[in-house]
Amino acid sequence: MSAATRSRTPDRLCAEAVDLARAAAEEAAAPGVVGEHEGLVSEGDRVVTHFFECKELGYRGWRWAVTVARASRAKIVTVDEAVLLPGPDALLAPEWVPWSERLRPGDMGPGDLLPTDAEDLRLEPGYSGEDEVPPNSVLSEEFADLAEAEDAEVTPGTPAHLTAPARGSIAAVAEELGMRRARVLSRYGLHSAADRWEEAFGAKTPMAQAAPASCVSCGFLVPIGGSLGQAFGVCANEFSPADGRVVSLAYGCGGHSEAAVMPKPPQPAPPVIDETRVDPFPLRPSPDSGSVPPTEDESSAELGHS
């Protein structure tokens, strides 16, 4: 009889060996940790697994599983193994994820080191002393297929295996000028960075949709070099939500330099009456202030002339 057609009915002697299974569980754990018997299951002919509640703190829903068995035509039941297994409602730790997949932008702190894979598609060899085109350069026809695969071998070996530049070559001159780097951004790395920046500060963001103008005409935009400078720049407006960030030239916000130019304050007209000067007024008119020359004629004095 094959194993697939064997009966799954629990063996009577193995099913009755509850005390034997409990003693094995307590020996593997500790007294008081093994709880009530929670059932059994047939594993095959004359093989039964008993389950006991686990009272250990931090193992909610776990069960002690003790497998017992007996030989054919034998009357003695023996213990096969005793292990702690999670039950249907057990509290389990989340599935382990490698650190390279858990890492997110902003997770790095002071003193943290982030190693890069030797076959990282975002990088390509820099001045290595070779005159041939890098394998994942924009000039390489094979890089398009490698970028789609993302697990293809892009650079042979690690940067530590790069040969020293030959004297008089372009790489040697670059090293003397302090421009030598083992690896530089590849076209795939440039496109990946551009996609992230466009998603964060691009034309499709709600801020850009409500902006009065785009960053390409803003005075606070600081240009950047390289091919990325044709589509991106750095915002230098301290009141903008993108201050110090790489923004798309199609991005925009309410802090645009020409959005609302403040008019010059108007110059006040000169005052008609100078209120800052005091004009003295005598209580009595002076003798020479009248329009009629002074006279001693009493008749004219009566008419009010001075």
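**Entry 1: Arginines with positive phi**

I began with arginine 73, which counts as exposed because its relative accessibility is 82%. My cut-offs for relative accessible area are under 20% for buried, over 50% for exposed and partly exposed in between, with a 1.4 Å probe and protein chains only. A note on the source: this is a predicted model, where local features need pLDDT of at least 70, side-chain atom pairs count only at pLDDT 80 or more, and totals for chains, interfaces and linings use all residues. Residues are numbered from 1 along each chain as its sequence is written, and side-chain values use heavy atoms, with hydrogens and water left out.

Arginine 73 lies in the loop between β3 (62-69) and β4 (78-86). I take helices (H or I, at least four residues) and strands (E, at least two) as DSSP runs, numbered from the N terminus. Phi at arginine 73 is positive, about 65°, although the residue is not a glycine. I flagged it because most residues other than glycine have a negative phi.

I then looked up arginine 46, in the loop between β1 (34-44) and β2 (47-54). Arginine 46 has a positive phi of about 60° and is not a glycine either. With 28% relative accessibility, arginine 46 counts as partly exposed.

**Entry 2: Serine 186**

Where does serine 186 sit? I found it in the loop between β6 (183-185) and α6 (187-200). Serine 186 is buried, since its relative accessibility is 0%. Its side chain reaches the backbone oxygen of leucine 121 at 2.5 Å. I call this a polar contact: a pair of N or O atoms within 3.5 Å, where within protein one must be able to donate a hydrogen and the other to accept it, and residues adjacent in sequence count only if both atoms are side-chain atoms.

**Entry 3: Rings**

I counted 3 aromatic pairs. My rule pairs rings of Phe, Tyr and Trp (its six-membered ring) if their centres lie within 6.5 Å; planes under 30 degrees apart count as stacked, over 60 as edge-to-face and the rest as tilted. One of the pairs is tyrosine 59 with tryptophan 62, edge-to-face at 5.4 Å centre to centre and 85° between the planes. Tyrosine 59 is partly exposed at 34% relative accessibility, while tryptophan 62 is buried at 18%.

Tryptophan 197 and phenylalanine 232 also pair edge-to-face, with 5.6 Å between centres and 80° between the planes. This pair links distant parts of the chain, from helix α6 to strand β8 (residues 232-235), 35 residues apart. Phenylalanine 232 is buried, with a relative accessible area of 5%.

**Entry 4: Cysteines**

How many disulfides does the whole structure hold? My search found 0, taking a disulfide as a pair of cysteine sulfur atoms within 2.5 Å. For cysteine 215, the nearest cysteine sulfur is that of cysteine 218, 6.0 Å away. Both residues are buried: cysteine 215 has 10% relative accessibility, and cysteine 218 has 15%.

**Entry 5: Cavity**

I found 1 cavity of 30 Å³ or more. On a 1 Å grid over the protein atoms alone, a cavity is a set of points where a 1.4 Å probe fits but cannot get out, and lining residues have an atom within 4 Å of a point. The largest cavity holds about 90 Å³ of space. Of its 13 lining residues, the closest to the centre are Cys215, Cys218, Cys235, Ser240 and Cys253.

Methods:
1 Å grid on protein atoms, 1.4 Å probe; cavity = no way out; pocket = protein on both sides within 12 Å on 5 of 7 lines; lining within 4 Å. Points joined across faces, edges and corners; volume = space filled by probe spheres on them.
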